[in-house]
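This briefing summarises selected local and domain-level features of the structure shown below. It is arranged by topic for reference alongside the coordinates.

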Amino acid sequence: MECQLSADPKPTIEWFRDDTKLAAGGNITMRMDPKGPKAYALTLEIKNVGNADAGSYKIVAKNDLGESNATIKLNFDSKQTEAGKAPHFTQKPIIKQPQKNQLTMTCNLESSSQPVIKWFREATEIKQGGRYTIQTTKDPKGPNMYIIVLTIKDPAPADGGVYKCVASNENGESNANITLNFQDTEKTEPAGKAPNFTEKPKIAQDASGKNIHMECSCIADPKPTITWYKGSTLLKENNRLKLKTTQDKDKYTFMLDILNFTKDDAGVYKVVAKNAHGEGTANITLNLDAQQKDKDAEKDAEKDKEKKTITLTDKATTKIELDKKRVTFEQKVDSKEKPTAQWFFGNNPLKSGGRYKMDVSQKDSSYYASMQMDEVTTKDAGPYKCVIQTPFGEGVQLMKLSSTQLIPPKVKGDPPKFITKLTSKTFNIGEPMDITLKVAGTEPITTIWYFNDKEIKSSSAANISYERGTARFYMSKVTPKDAGVYTVELKNPVGSEKGSANMIVKEDEKKKQKEEEMQRKEEERKKKLLPR
């Protein structure tokens with residue numbers, strides 16, 4: 001069975017028969033042969049084939065940009081299956097913003113029959129309707145060519161993430177991935193503020209004692225949309241509930257009036273304000289105690305004025321340390337009480353532990369919620385969200401991490417290399433060990449020496465130096481304990497190189513012979529002195 005494939009970068013290949021993964025060996029041989037730039041011939045060979053090998057075979061090709069598959073039916077009757085072709089994306093998807101309030105994602109596709117198209121954002125399928133329009137049209141460039149377009153109305157940073165277009169027909173399916181990242185367009189986006197409730201919500205009865213008035217104020221730009229809830233129930237204006245919003249520059253006041261209230265109106269009320277930069281919430285508890293006096297309520301209200309609800313005055317900071325493969329997010333929070341923070345990647349909650357370290361600390365009069373992420377790769381690129389909560393309300397801050405931010409910049413220059421290599425040598429006990437090596441490469445270059453894989457620190461016993469292409473290791477006197485494997489490692493910002501050799505320490509033969517001769521003469525002298 002043979003398939004022709006085009007892909008860049010080189011894909012991984014898997015074969016299946018009726019959903020069972022096949023492995024090479026026995027009577028099965030698998031090959032992937034290059035047939036030109038970005039082109040491959042994929043072959044599955046079955047020896048001694050029989051009726052038991054009949055079935056539906058599928059080949060799946062994957063790389064970082066997506067995956068594709070094709071199906072082949074093997075049978076042993078005289079019927080011939082109709083020739084067909086699985087869908088194939090002919091070029092990388094394109095993202096455009098033809099209008100300020102419109103964003104399009106376009107894919108070019110080749111398919112032997114009308115394809116079935118599905119779009120996904122992360123793992124959630126996108127349905128036709130509302131802000132989304134999905135179109136499939138014939139491409140005049142060829143008889144089997146199609147143009148697939150997803151249009152998003154009024155795009156916002158919350159729409160960021162990984163999108164996937166899946167095309168299928170009776171011969172197989174293929175998909176293409178598209179990353180929508182608003183990080184690169186931040187400079188052209190209008191300035192604004194996520195909604196922040198700056199005061200403790202107010203609640204009071206009117207002069208008649210029959211009606212309840214609730215009031216909340218927030219700072220936001222642009223104007224937010226407002227939703228009121230009692231518990232988890234959405235509230236809408238009616239004969240008893242009256243909703244109103246007033247504006248003074250970027251300050252908005254939201255009011256809820258309950259007419260002819262009863263004990264059934266008691267409970268927790270919540271107002272949610274949202275705009276393109278984030279969202280904020282404020283909670284109000286309505287406690288209807290017939291014994292409570294108006295004066296006591298007024299005193300409580302005055303005390304509450306001194307307490308500020310949660311305020312996210314600054315955008316979250318992002319610290320990227322590529323040399324440590326680490327990213328740290330930090331959000332400043334102005335609150336009288338210590339807040340709690342919950343972090344999300346897309347819509348998935350993150351937990352402290354493993355690669356993630358989360359903390360809420362206090363500095364001066366503010367709190368700082370932070371999340372440190374270690375061993376980061378380009379797979380960590382995408383939208384992040386921090387939800388801050390206090391007894392007075394809730395604040396949400398959105399962040400973006402693009403894949404380009406996580407790719408280390410290329411360093412110009414040459415890696416270090418040995419001109420004079422480290423070689424094995426023999427030293428006599430008591431002699432100095434003086435090793436000098438010539439090296440080349442872009443400065444600065446550092447050297448690290450090891451003895452039997454343990455790093456040697458420069459000291460009075462062992463002197464380590466490097467200057468202008470010369471690496472030197474020096475010991476004034478060697479002992480038998482100094483025999484072993486020595487390794488030197490060269491490093492610079494471009495790369496590194498290691499060299500190792502065995503150093504032998506033995507006794508001085510001439511000195512040993514001289515000492516043995518002196519010892520022999522001393523023994524002869526003692527014999528002559530003995531009485532006969």
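At a relative accessibility of 11%, Asn-492 counts as buried, where buried means under 20% relative accessible area, exposed over 50% and partly exposed in between (1.4 Å probe, protein chains only). The model is predicted: local features need pLDDT of at least 70 and side-chain atom pairs count only at pLDDT 80 or more, while totals for chains, interfaces and linings use all residues. Residues are numbered from 1 along each chain as its sequence is written, and side-chain values use heavy atoms, with hydrogens and water left out.

**Asn-492**
- Asn-492 belongs to strand β41; strands (E, at least two residues) are DSSP runs, numbered from the N terminus.
- The Asn-492 side chain reaches the backbone nitrogen of Val-494 at 2.9 Å, and that of Gly-495 also at 2.9 Å.
- With neighbours within four places in sequence left aside, the residues in contact with Asn-492 include Asp-414, Pro-415, Gly-441 and Ile-445, contact being defined as heavy atoms within 4.5 Å.

**Thr-487**
- Strand β41, which spans residues 484-492, also contains Thr-487.
- Thr-487 is buried, its relative accessible area being 7%.
- The side chains of Thr-487 and Ser-500 are joined by a polar contact of 2.7 Å. A polar contact is a pair of N or O atoms within 3.5 Å; within protein, one must be able to donate a hydrogen and the other to accept it, and residues adjacent in sequence count only if both atoms are side-chain atoms.
- Ser-500 is also listed among the contacts of Thr-487 beyond four places in sequence, together with Leu-422, Ile-448, Trp-449, Tyr-450, Lys-498 and Gly-499.

**Strand pairing around β25**
- Strands β24 (residues 267-275) and β25 (residues 278-286) pair in the antiparallel sense over 9 bridges; two strands pair if DSSP finds at least two bridges between them.
- These strands, β24 and β25, form a hairpin with 2 residues between them.
- Strand β25 also runs antiparallel to strand β33 (residues 393-401), to which 3 bridges join it.
- Gly-280 in β25 stands opposite Ala-273, and the bridge partner of Gly-280 in β33 is Gly-395.

**Domain layout**
- The chain is divided into domain 1 (2-74), domain 2 (88-180), domain 3 (193-286), domain 4 (311-401) and domain 5 (417-506), with bounds that come from an automatic or database domain assignment.
- A separation of 73 Å lies between the C-alpha centres of domain 3 and domain 5.

Methods: Helix = DSSP H or I, 4+ residues; strand = E, 2+ residues; numbered from the N terminus.
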